[in-house]
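Visitor: Hi! I'd like to look around a structure with you, if you have a few minutes.
Guide: Happy to. Let me bring it up.

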Amino acid sequence: AYGQSKLDEKDAQAVALGYVSDATKADKKKYPQYAAGQACSSCALYQGKPSDAAGACPLFAGKQVSSKAWCSAWAKKA
Ligand code: SF4
């Protein structure tokens with residue numbers, strides 16, 4: 001939604017969850033569950049439409065996560 005700022009990778013919660021605005025930059029050593037192709041756009045928690053460049057995520061209230069981002073809470077969209 002408008003008025004929401006983009007989530008900063010250095011935000012404390014972002015760091016805690018290993019959020020990266022470019023999913024391909026996910027820390028694969030720390031997060032071995034990461035698999036190529038995973039991104040916010042395919043995450044069950046992502047609130048944006050598939051065509052949106054960014055959208056809300058309940059784990060980061062008031063912020064927008066990039067559709068191409070990733071964090072360790074990624075869960076496959078049903
Ligand atoms: Fe992206 Fe899902 Fe993590 Fe939210 S929980 S930041 S939508 S990967």
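Guide: Here is our chat about this structure, which is a predicted model.

Visitor: Great. Let's start with the sheet. In what order do the strands come?
Guide: There are 3 strands in an open sheet, and the order is β1-β3-β2. The pairing is mixed.

Visitor: Which strands stand at the edges, then?
Guide: Those are β1 and β2. Each has a single partner strand, so one side of each is left without a neighbour in the sheet.

Visitor: Do tell me about the pairs. Are β1 and β3 parallel or antiparallel?
Guide: They run parallel, and 2 bridges join β1, residues 5-6, to β3. Within this part of the sheet, Lys6 stands opposite Gln64 in β3.

Visitor: And how many bridges are there between β2 and β3?
Guide: There are 3, and the sense is antiparallel. Strand β2 covers residues 54-56. Ala54 faces Ser66 of β3, while Ala56 has Gln64 as its bridge partner.

Visitor: What holds strands together in general?
Guide: Strands of a sheet pair through backbone hydrogen bonds, and they can do so in a parallel or antiparallel way.

Visitor: Okay, moving on to single residues. Is Ser67 buried or exposed?
Guide: Ser67 is buried, because its relative accessible area is 9%, and buried means under 20%. You'll find Ser67 in the segment after β3, which spans 63-66.

Visitor: What does Ser67 touch?
Guide: Leaving out its neighbours within four places in sequence, Ser67 is in contact with Ala39, Cys40, Ser41, Tyr46, Asp52, Ala53 and Ala54.

Visitor: How about Ala16, is that buried or exposed?
Guide: Ala16 counts as exposed, because its relative accessibility is 54% and the cut-off is over 50%. Ala16 belongs to helix α1, residues 12-16.

Visitor: New topic: where does the ligand sit?
Guide: The ligand is in the largest cavity.

Visitor: Which residues surround the ligand?
Guide: Among them are Tyr19, Cys40, Cys43, Tyr46, Phe60 and Trp74. Leu45, Leu59 and Val65 also belong to that group.

Visitor: What classes of residue make up that shell?
Guide: The shell has 11 nonpolar residues, no polar ones and no charged ones.

Conventions: Residues numbered from 1 in each chain as written. Predicted model: local features only at pLDDT ≥ 70, side-chain atom pairs only at ≥ 80, totals over all residues. Heavy atoms only, no water. Near = heavy atom within 4 Å. 1 Å grid on protein atoms, 1.4 Å probe; cavity = no way out; pocket = protein on both sides within 12 Å on 5 of 7 lines; lining within 4 Å. Sits in = over half its atoms within 2 Å of the grid points. Nonpolar A, V, L, I, M, F, W, Y, C, P; charged D, E, K, R; others polar. Helix = DSSP H or I, 4+ residues; strand = E, 2+ residues; numbered from the N terminus. Buried < 20%, exposed > 50% of the residue type's maximum accessible area, 1.4 Å probe, protein only. Contact = heavy atoms within 4.5 Å. Pairing = 2+ DSSP bridges.
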